[in-house]
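Have a look at the model before reading on.

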Amino acid sequence: MAWRNHSTITEFILIGLSDDPYIEALLFVFFLGIYLLTVMGNLMMLLVIRADSRLHTPMYFFLSNLSFLDLCFSSVTVPKLLKDLLSEKRTISVEGCLTQVFFVFITPGTEAFLLSVMAYDRYAAICHPLLYGQVMSPQFCVKLVLISWGLACLNAFVIVFLAINLDFCEAQTIHHYICELPSLFPLSCSDISISVDILICSILLHGLGTFLPIFFSYARIVSTILSISSTSGRSKTFSTCSSHLIAVTLFFGSGVIRYLMPTTDSSLVLLLSLQYSAVTPLLNPLIYSLKNKEVKAAVRRTLGKYF
C-alpha cells in the first residue's frame, strides 16, 4: 500500500529518547541488554515447551504463543530504537512508518486476545476440571489462537487505513521513538477528528472485548478458590493463575492507558510505550518461569540434556 499522492513528505524524523550522546550510549547498552535478554528468555520458553512432553498442555501451548508474540513485538520496536541511538539522523520512510504502525498494533492486539484466551483456559481448568480435557481440545486451542490473530489483524488494518488517509504536508517530526498512530495525528494537516474517534472506539472495543472475559473468568475463579476449604488447596490453586494475573496487569496497565491518553509529548507517553513494547516482553518469560514450578523443572531437564 502506498501513501496518498497529495502527501508531500517522503520520510519522518523520530525525536527518540535523548539528544545527549553520553545518555544515548548508556541507553543503547541498556536496551541492547533488554533486547538480548528478551530474545533469549522467550526463545528458551519456546524451546522448553516444545522439548518437554510434560508441558504439551493447553496452558503451555498458549504460553508458547505468548512468547512468540513477545519476541515479535520486541523485534518490531527495539532494533529500530537501537539503530537510532547510534545515528545522528533518526529517520524512517513513510512506508516503513506505516509498516511499523501495522505491526505495533497487530502484535500487542493479538497478545490482548491471547491473554483473554489464557484466562478462559484457567477458568475451565479450575472451575470445570472434569470437563477441561474435553473443552480445551487441541483443535479448539488452535482455533482460539487463529481467531486471536485474525481479529487483531482486522483491527490493525483499520488502524493502517486511518494512517493512509491522513494528509502530511510539512511537519515531519515525530515526538516519539517509534511510529504509533497517536503520534502521527499532530503532524497531519487534514481534519483528524473522525480518525481520532475511530481510534478511540477501536481501542475501547478491543480493550473491553479482551479485558471483560478476563475479568469475568477471574471472578468465577476467585469464587471457586474461596469455596475450597483447605488453605493449602486455595494457595495451590491461586498459584496456577498468579503469573497470568501479573502479565495481564503489566500489559493492560500500560498499553491501554497509552492509547487512551491525549496525544502529548510528555515523558509519561514514552515511559508507557517503553513499558509495553520493551519491558513487558522481557518480564513475561521471567514471570512464567520463576513463578511456575513445572516450567522451572522443565528448564532443568532441558538444560540437563545439553550440559
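**Chain layout**

Going along the sequence, the pattern runs β-α-α-β-α-α-α-β-α-α-α-α-α. That's ten helices and three strands, taken as DSSP runs numbered from the N terminus (helices are H or I, at least four residues; strands are E, at least two). Keep in mind that this is a predicted model, where local features need pLDDT of at least 70, side-chain atom pairs count only at pLDDT 80 or more, and totals for chains, interfaces and linings use all residues. Residues are numbered from 1 along each chain as its sequence is written, and side-chain values use heavy atoms, with hydrogens and water left out.

**Helix packing**

- H3 (residues 94-127) packs against H5 (residues 138-164) at about 145°, with the axes 8 Å apart; axes are lines fitted to C-alpha atoms over the stretch in contact, and angles run from 0 to 180 degrees between N-to-C directions.

**Cores**

- The largest nonpolar core has 38 residues, and Phe-62, Leu-115 and Ile-221 touch the most other members.
- A core here is a set of buried Ala, Val, Leu, Ile, Met, Phe, Trp, Tyr and Cys residues joined through side-chain atoms within 4.5 Å, buried being under 20% relative accessible area with a 1.4 Å probe, protein chains only.
- A separate core of 29 residues includes Cys-97, Ile-159, Leu-181 and Leu-184.

**Burial**

- Of the chain's 307 residues, 50% count as buried.
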